[in-house]
Amino acid sequence: MKVETHKVARLHAILWGIFSLGGMIAAFLLPVLIYMTAIAYPFNLWPFNGTKDPSFLITGHRLGALFIFVTIAGSLFHGIFRFQSALTEVGLLKYRRALEAIGYFIIFVGIIVLAYYLATWYLNGTIS
Amino acid sequence: MGDTSRYPELRRRLSPGWWTANRHYAMYMVREWTSLFVAVYSLIFIYGLSLWATGSRANFLNFLKNPAIVGFGLVALVFTMYHAVTWFYLLGAISPIKIGRSKTKPWQALVLNLILLVIVSYLAIWLLVLR
Amino acid sequence: MSQNIATIRVTRYRPEKDSKPYFQEYKVPYRQDMVVLDALNYIKAEIDGSLTYRWSCRMGVCGSCGANIDGEPKLTCASFLHDFKGRTITVEPMANFPIIKDLVVDMEDFMEKLVKIKPWIIREKETPPEQGEYKQSAQELERYSQFSSCINCMLCYAACPIYGLNEKFLGPAATALAYRYIEDSRDQGKDVRFPIVHEMEGVWECTLVGECSVVCPKGVDPMLAIQKAKILGATNAIKSLLMPRGGR
């Protein structure tokens with residue numbers, strides 16, 4: 001009788017958990033962020049139809065930094081994780097390892113850079 | 001049953017275009033590919049922040065007003081909403097709640113979460129911009 | 001006249017003669033209450049005795065007669081001819097499985113997976129029968145009874161593109177059955193089943209296509225079982241991270 005060994009994929013389970021959290025974030029927080037930055041601000045619609053601009057980024061709104069970090073980091077993780085999986089379903093299954101490596105690299109770099117910018121803003125009141 | 005040495009079995013595997021076979025599969029693929037727009041929008045946003053980091057706040061704000069960026073943002077919003085809608089439906093499908101004798105249906109979770117999305121969005125705008 | 005005739009296009013494949021499968025058409029007298037299995041039986045009895053296919057109970061409980069009918073995995077005994085558009089119906093072997101002959105597919109892979117998940121109650125220590133039954137409340141039964149309805153028809157595997165792309169994937173029915181035992185209050189075999197369900201080729205390959213639950217003739221909803229198993233796996237992994245020596 002063939003003896004098989006089965007190993008719980010603990011790391012992947014945790015990554016899946018983060019991916020799921022990212023999915024919640026992308027569903028609940030990303031739409032309003034895109035609305036504010038791609039519709040309201042460029043077209044001077046509410047809430048930017050007066051004198052305000054996406055100033056939650058600079059006028060001491062630390063909440064803004066937190067919001068951006070959670071929304072963009074969560075969406076980035078979710079998007080890359082799922083897209084890498086979607087690519088394996090359209091014929092690229094044999095490149096799965098490479099796709100995962102590239103995907104996690106992009107996530108890692110993206111989140112580090114994002115955290116650095118937003119931490120700078122959080123502490124100094126400005127990013128540059 | 002397992003002896004296929006005398007006759008060859010016909011092994012069939014799916015081609016990369018398997019998802020075009022029917023509507024369910026095609027909608028699934030669209031749903032999964034919304035992730036591309038979510039990921040790319042996030043990367044573009046981080047790039048925008050980098051313009052601020054290496055330049056000034058005005059660089060970032062001008063970047064937001066760039067027509068190509070606005071265009072992509074609009075497309076990304078459409079796909080993000082499609083992600084949200086399908087995500088809410090899936091939430092309903094995987095956590096049916098028993099109420100008395102019957103179970104909740106996925107479309108009910110969809111409606112509930114859409115209302116929640118509106119509330120959360122308004123809260124976000126109020127907390128970040130209006131306050 | 002043509003109102004009373006149905007055309008059945010069936011996949012034929014004889015490995016000793018054919019290099020690839022082809023369709024053969026048969027004209028079958030049509031009755032309002034006919035199912036596809038009736039048509040196949042008519043063909044075999046009256047027209048072409050060489051047509052080969054599996055069937056048994058003809059009432060949707062044995063799980064033998066699965067096929068891809070007009071592209072969808074269905075039981076031939078549960079597919080009424082009048083439910084299909086027009087009078088031409090295409091019957092192919094269940095997708096994603098190797099074909100042995102005509103509509104008969106090789107089920108070995110599924111059979112191995114079925115055995116692998118140990119579909120029986122596992123106890124650390126069996127109590128002797130004299131001590132009575134293992135009692136279970138109605139609520140405890142409710143937690144898994146839906147997943148125990150599986151008739152092993154494998155339509156879910158035929159519908160699952162992930163299985164079609166990657167044969168190593170544990171798949172809907174096997175996972176649902178494993179989850180049925182994990183959720184059974186009488187079962188004490190979590191240590192044995194978790195590694196099988198939560199290895200990479202277990203639940204983690206699933207991307208929630210959801211077609212498995214759509215085609216299931218018994219309402220098992222394997223997609224739900226897989227999702228609940230994923231949540232179990234993720235919470236266990238996080239717990240083991242936070243409490244390395246702690247409880248499960």
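Good morning. I begin with chain A, where 42% of the 128 residues count as buried. Please bear in mind throughout that this is a predicted model.

Chain A contains four helices and zero strands, so that, read from the N terminus, its elements follow the order α-α-α-α.

Let me now move to chain B. Here there are four helices and two strands, and the order from the N terminus is α-α-α-β-β-α. Of the 131 residues in chain B, 28% are buried. For contacts between residues at least 6 apart in sequence, the share joining residues at least 24 apart is 35% in chain B.

The overall dimensions of chain B deserve a moment. Its radius of gyration is 23 Å, whereas a compact globule of 131 residues would have a value near 14 Å. The C-alpha trace of chain B extends over about 75 × 50 × 20 Å along its principal axes.

Finally, the contact between the two chains. Chain A contributes 42 residues and chain B contributes 42 residues. On the side of chain A that touches chain B, at least two residues come from each of helix H1 (10-28), helix H2 (30-40), helix H3 (62-92) and helix H4 (96-124). Which helix supplies the largest share of that side? It is H3(A), with 14 residues. By residue class, the side of chain A that touches chain B comprises 28 nonpolar, eleven polar and three charged residues.

Thank you for your attention.

Definitions and conventions
Residues numbered from 1 in each chain as written. Chains lettered and ligands numbered in written order. Predicted model: local features only at pLDDT ≥ 70, side-chain atom pairs only at ≥ 80, totals over all residues. Contact = placed C-beta atoms within 7 Å. Nonpolar A, V, L, I, M, F, W, Y, C, P; charged D, E, K, R; others polar. Buried ≥ 20, exposed ≤ 12 C-beta atoms within 10 Å, placed from the backbone. Rg over C-alpha atoms; globule rule 2.2 N^0.38 Å.
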